[in-house]
Amino acid sequence: MSDESISGRVQAIQGTARALSGQARLVEVLAEFRALDQKLAKLPAPHSGPLEACHRAIASLDDDVHECLAGAREILASVADDSHCRTLLHAGRDTLGSLLDHVERCLQAYEKGSHGVPERPILADLRWRLARTAADRVIWGCCSSGPPHPRLWRWLGMAFVHAPDARDLSGAVSEKTGTRARHSVEFHYVRAIAACTASLDLLAPRLLGSVDGLLHLATPVLRLEPDRFDGATHFVDPLGDEAPHRIAGVTENVPGRWFFTPLAASAVLNEYRHAPAGSAPTAWSDAQDASLQALAVEHLLRHWSDIPPIRRHRRHLLDGKLTAVAGIEALKRVFAGELPERREEWQLRDASRSGIGVITANRSIRIGQLIGVHLVDGKGWQLGLVRRTWAQGGDTNVVGLELLSSKPVVARVDDGRCPAEVLLCDPLLRGEAVRVVVPSRTLGAPSVPLFVTRNGSVQKLKPLDASYVGEGFELRVYQVL
């Protein structure tokens with residue numbers, strides 16, 4: 001056996017060992033979250049005993065939860081299976097929500113019973129813990145595609161307004177660029193706003209730790225002011241219930257509104273994008289992969305740019321029903337003309353030239369899944385790709401689908417090593433590009449040509465430098481020769 005073969009087998013064994021170790025650690029952390037949830041559920045009400053005892057219990061549990069979150073971030077960076085990542089994201093999000101409720105109750109009890117100086121350090125500590133937990137709940141809520149905490153923004157805004165380190169709401173704003181302390185309520189309020197504007201619902205779960213580190217690095221230089229300024233991109237009402245809104249058109253100063261922009265973070269992010277290999281920011285763990293750090297930087301730069309990504313086509317509100325089927329194997333049977341054994345009925349929400357929005361009770365739908373849809377009043381099945389998903393209140397889930405093809409066909413291809421059944425999203429026209437949906441681990445590298453048999457003839461497909469890896473499939477692009 002050659003040295004290269006031995007080296008390949010050793011690397012494969014090491015990779016399998018790391019995956020098994022990561023899975024075992026994931027189970028442990030999920031158990032830790034469940035144990036913390038049980039402790040939170042057993043916490044007595046603040047009025048049932050001394051407030052000092054309530055504060056000590058909350059502070060201890062708060063530290064335990066954030067220690068568990070740190071371990072969860074490391075696991076997310078190492079687990080390749082998104083379905084397992086989603087389970088961990090949901091656990092962290094829900095534990096943070098429960099913790100936030102308890103911190104708020106304890107804070108309210110202290111505020112009602114506070115009559116002098118002795119309570120001030122405890123009030124300051126509780127406001128800081130609430131702000132930190134709320135900011136983390138925003139991040140984990142966005143990365144897990146919701147649902148949002150119903151009272152988070154009001155609680156967080158109240159903590160910001162009443163924090164002793166908050167800037168005077170009625171006076172002049174002092175210059176604090178680069179001096180916003182991490183152990184301040186203002187720091188975490190700005191971090192939460194920044195996370196809310198970064199489209200974290202589009203983020204791969206394994207990037208959560210890297211993006212969270214970047215948010216800590218960028219927050220001190222982000223701009224939040226009580227008056228409208230040139231370059232402001234969002235506004236928020238600290239005493240309101242709603243999350244930050246993007247500024248659209250002309251927005252006048254309204255009493256109570258604060259204005260925000262993340263654009264100043266570009267200098268910080270570019271510094272780490274062009275940093276030498278191995279020189280990771282101190283906010284990141286040494287164990288985090290450099291490729292994940294680079295992807296996190298690119299994500300924030302793209303969504304915090306002067307011209308962030310926008311919709312290409314206008315959405316139109318529609319009403320109707322459609323039938324949906326998920327999974328590459330089920331879709332191959334559907335597009336081969338078979339009736340699907342398992343299908344769901346979804347509610348149509350809106351449509352554009354490139355996609356549709358739907359409402360479903362299926363909470364297992366994830367970004368990167370292939371979905372076949374059939375409008376009740378339409379003709380034929382269409383192929384879609386899940387681009388966004390967001391849990392609403394109750395049991396409904398909003399899903400955004402990009403329509404890849406209105407007439408996909410099943411075809412048999414061969415890469416010279418083995419044959420496979422694939423989905424062709426486009427017609428085979430000489431010289432034109434064709435998108436090919438390939439089940440995972442069925443063909444060789446995307447750089448190898450394919451040969452497809454259609455209508456009694458064999459055509460060669462030349463690989464192009466474009467591909468997308470989704471759940472159980474690859475979307476490759478070839479040129480028809």
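The legends below describe close-up views of a predicted model.

Local features are given where pLDDT is at least 70 and side-chain atom pairs where it is 80 or more, while totals for chains, interfaces and linings use all residues. Residues are numbered from 1 along each chain as its sequence is written, and side-chain values use heavy atoms, with hydrogens and water left out.

**View 1. Aromatic pair F160 and W258.** The structure holds four aromatic pairs; rings of Phe, Tyr and Trp (its six-membered ring) pair if their centres lie within 6.5 Å, and the planes are stacked under 30 degrees apart, edge-to-face over 60 and tilted otherwise. The ring centres of F160 and W258 are 5.1 Å apart with the planes at 80°, so this pair is edge-to-face. It joins distant parts of the chain, 98 residues apart: F160 belongs to helix α5 (residues 152–162) and W258 to strand β4 (residues 258–261). Helices (H or I, at least four residues) and strands (E, at least two) are DSSP runs, numbered from the N terminus. Both F160 and W258 are buried, where buried means under 20% relative accessible area, exposed over 50% and partly exposed in between (1.4 Å probe, protein chains only). F160 and W258 form one aromatic cluster together with Y189.

**View 2. Aromatic pair Y468 and F473.** The centres of the Y468 and F473 rings lie 6.3 Å apart and their planes are at 45°, so the pair is tilted. Y468 is partly exposed at 26% relative accessibility, whereas F473 is buried at 1%.

**View 3. Arginine charges over phenylalanine rings.** A charge sits over a ring if NZ of Lys or CZ of Arg is within 6 Å of the ring centre and within 35 degrees of the ring normal. R223 has its charged end over the ring of F229, 3.9 Å from the centre. The charged end of R257 sits over the ring of F235, also 3.9 Å from its centre.

**View 4. Cis peptide bond at P147.** Most residues other than glycine have a negative phi, and most peptide bonds are trans. The bond from G146 to P147 is cis, with omega near 5°. P147 is placed in the loop between α4 (120–143) and α5.

View 5. S199 is not a glycine, yet its phi is positive, about 50°. S199 lies in the loop between α6 (185–196) and α7 (208–218) and is partly exposed at 22% relative accessibility. R441, likewise not a glycine, has a positive phi of about 60°. The loop that holds R441 runs between β13 (433–439) and β14 (450–454), and R441 is exposed, with a relative accessible area of 80%.
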